[in-house]
Amino acid sequence: MKNSKTHKIRWSLIIFITPVLLWLFLLIVFPQLELLKMSFFGTGLPGKANFTFANYAAFFTEPIYWLTFVRTALYSITVTLLVLAISLPLTFYITKIAKIQTQGFLTVVVLIPFWISELIQVYGWMILLRESGILNKFLLSLGIFKQPHELLYNNVTMLMGLVYISMLFMIVPLIGVMQSLDDSLIEAAYDLGAKKITIWKKIIIPYVTPGIMSGSILVFMLVLGSYLTPKLMGGKNALWFTEQIYNSMIIYFNWNQGAAFGFLLLLLSSLIIFVALKITRQDFRKVIK
Amino acid sequence: MIRTLPNSTSYKAAYKLFIVLFFIFLFSPIIVTMVLAFNNSMYPSLPWQGFTWKWFFGKGPDKIGIFHDAANLRSIYSSIHVAITVTILSTIVGTMASFLFEHEDFKFKGTLYFLMLAPLVIPGVILGISILLFANAVGTFFQNVLGIDLQFLGPGYWLVVFGQFSFITTVVTMTVSARLKKFDRTLEDAAYNLGANKFQVIWFITLKYLRPSIAGGAAIAFLMSFQNFNTTLFLVGSNATLPIKLFTQVRDGSTPVINAIAFILILVSSIIAVTTLFTGKKSE
C-alpha cells in the first residue's frame, strides 16, 4: 500500500511540475537572461554581435538617463510613503473605529475602484483637472479662479495620480492585518495609561509591519513600473524611466540599449525591496504571503 | 482610540472628516467619468447639455456611439480574445502549480516557489521587453538554423498571451493555494481507503473543494488580462487591445465615446469584483 502510494505521487509530481517549469523557465528565467545578455552587446549586424559595455556607459555618461533613473526611484519612494500615510489611519478607522455594521460596507466600497483599470482612473483625473475640466469650471463659478488654470502636467498632479492608482494595493493587505489585531491589546495599553502615540508606536505599528511591507512592495513596484500615469499626467519635461525604455526599444529601435535600461530598472527594484526587507527584518515569502 | 474605548468628540469629528475627504478623492474621477458618458456634448467636459444615449448607440454622423465605433469594437474583440486564452491557460497552470507547492515534495521546492513569486516583483514593462527579446532570439534561431519561420514568435496575439500569462498565473496560483492550504487531507485518505486512485481523488474531492477559488482566480485573471497595459505595450502587433487603443485616444483627446467605454468597463468589473467577493465569502 505504502509503496504503491509513493509510486503514484511521483507520477503526479511529474504532471504538476512540467507546466510549471515550462512557464517559469520559458517565460521568466530565460527571457531575463536574454535581457542581461542583450544589454552587453552592441548594435552590430545580427551575426556579428560584439561584446561591449557601451550600453551601460551611455547610462552613466548621459545625465538625462541617470537623472531620470534617480528621479523615478525617489518619486516612487515618496509615493510609497504618502500612500502609507493615507492608508494607516484609513484602515485603522475601517477596522477599529467604524461601527461593526458599516465596517463590511466600507471594506467592499473601498475595494471597488481596485478593479478599474489604471487608464480609466487616469482618464477620470484628466477630465477633472485639465484646463477645460470640471474642477476649473467649478472653481471659476465659485469665483476662486479668475481665469482657467492648467492643473494637469505638473509634478504635484503626477504624484497625486500615482498615489491614487496605487493606494488600494496598500489598503488591501493593511485591512487584513489590522482586522487580526486583537482589540484587547489596545484596551489593555489604554487602561494602563498609554498615550495614543505610544499605542501606535509600541503595539499597532509593530503588529502591522508585515502588512505594511507587502503593501509597500506592491505599491513601489507598481509606481516604479508605471508608464501611463507619468506619461499622461506628468509635465512634458518630466520623463519616467519606463518611458526611457520605451523610447529606446520602440522609437529608436535600439534593443540593446533598452535591455540595459530594463536590467538597471530590475536591479534597482530588487535592491530597494531587499534593503527594505533587511531593515524591517521581514521574510520575502511571508510578506508576499 | 478604538470603538470600545471613550473617544473625544474632536477625535471622532476629525476622523469623520478625513474619511469623507478620502471617499470624495476615491470616487470623484470615477463618478465624473461615468456621468459624462451621458452628456450631449462633443467634449467630455461641462457644461451639461442634456442627457443622451448617443455615446452608446449613436450612428453618427457627428456622434458615433461605442456600439457603432468599428475601430474601438475591434480592439474590444481583440482584448476579449486574448483574455479568454490567458484565463484558460493561467487557471489550468495556476491550479497545477498550487497542487505542486501545497501537496508535493521535491528538491529545490523553496527555490522554485521563490521563482514562482518573482513575476510579482518584476515590473510589467520588463516582463514585456524580456519576452519580446527572448521570442525574437528563439525565432531567429529557428529561422537561421532550421529554416523554419515561426510566425507566432513575432509581436502579436501569442506574444501578448505569453506576456500576460507569465505573471497572471502567479496570481491564480496564490488564489488557489490560499484555499488548498485549508483543505483537510484526511478527506483524501478516506477516498483512498475506499479504493479511489490519485486522479479520482483529485477530480472528485480536491478540485470540487477548490471550485470557488478556481472560479475566483479565473475572474481575476480575466480582469487583469483585459486591462493590462504595461506588458502588452511591447508585445502587441497590429491588432491593438483595448487599453492600447484607448491610450492614444486619451492622450490626444477624444469625444465622450471613451466615457461610454469606461462606463461599461467600470460596471462590468464592479459586478465581477462584487460577485467574486461574495461567492468567496459564502464558501468559507
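**Ground rules.** I'm working on a predicted model, where local features need pLDDT of at least 70, side-chain atom pairs count only at pLDDT 80 or more, and totals for chains, interfaces and linings use all residues. Residues are numbered from 1 along each chain as its sequence is written, chains are lettered from A and ligands numbered from 1 in the order in which they are written, and side-chain values use heavy atoms, with hydrogens and water left out.

**Interface, A against B.** I looked up who takes part: 96 residues from chain A and 91 residues from chain B are in contact (heavy atoms within 4.5 Å). The buried area comes out at about 8,900 Å², and carbon and sulfur atoms give 82% of that; buried area here is the accessible area (1.4 Å probe) that two parts lose on being put together, summed over both. On the chain A side, A:Phe16, A:Trp23 and A:Trp115 lose the most area to chain B, together 9% of what that side buries.

Next I checked the polar side. I got zero salt bridges between chain A and chain B (a side-chain nitrogen of Lys or Arg within 4 Å of a carboxyl oxygen of Asp or Glu). Polar contacts do turn up: eight residue pairs across the interface, both residues at pLDDT 80 or more. That rule wants a pair of N or O atoms within 3.5 Å; within protein, one must be able to donate a hydrogen and the other to accept it, and residues adjacent in sequence count only if both atoms are side-chain atoms.

Helix α1 (residues 2-38) of chain A gives the largest share of the side that touches chain B, 23 residues. Helices are DSSP runs (H or I, at least four residues), numbered from the N terminus.

**Helix α4 of chain A.** I compared its length with expectation: twelve residues (100-111) should span 16 Å at 1.5 Å a residue, and the end C-alpha atoms sit 18 Å apart, which agrees. The expected span is 1.5 Å times one less than the number of residues.

**B:Val93.** I found this one in helix α3 (residues 70-103) of chain B. B:Val93 is buried at 11% relative accessible area (buried means under 20%, 1.4 Å probe, protein chains only). Leaving out residues up to four places away in sequence, B:Val93 touches A:Pro19, A:Trp23, B:Phe165 and B:Thr169.

**B:Thr33.** This residue lies in helix α1 (residues 9-35) of chain B. B:Thr33 is buried, with 0% relative accessible area. Among its contacts, sequence neighbours up to four places away not counted, are A:Tyr123, A:Ile127 and B:Asn259.

Terms used. Helix = DSSP H or I, 4+ residues; strand = E, 2+ residues; numbered from the N terminus. Buried < 20%, exposed > 50% of the residue type's maximum accessible area, 1.4 Å probe, protein only.
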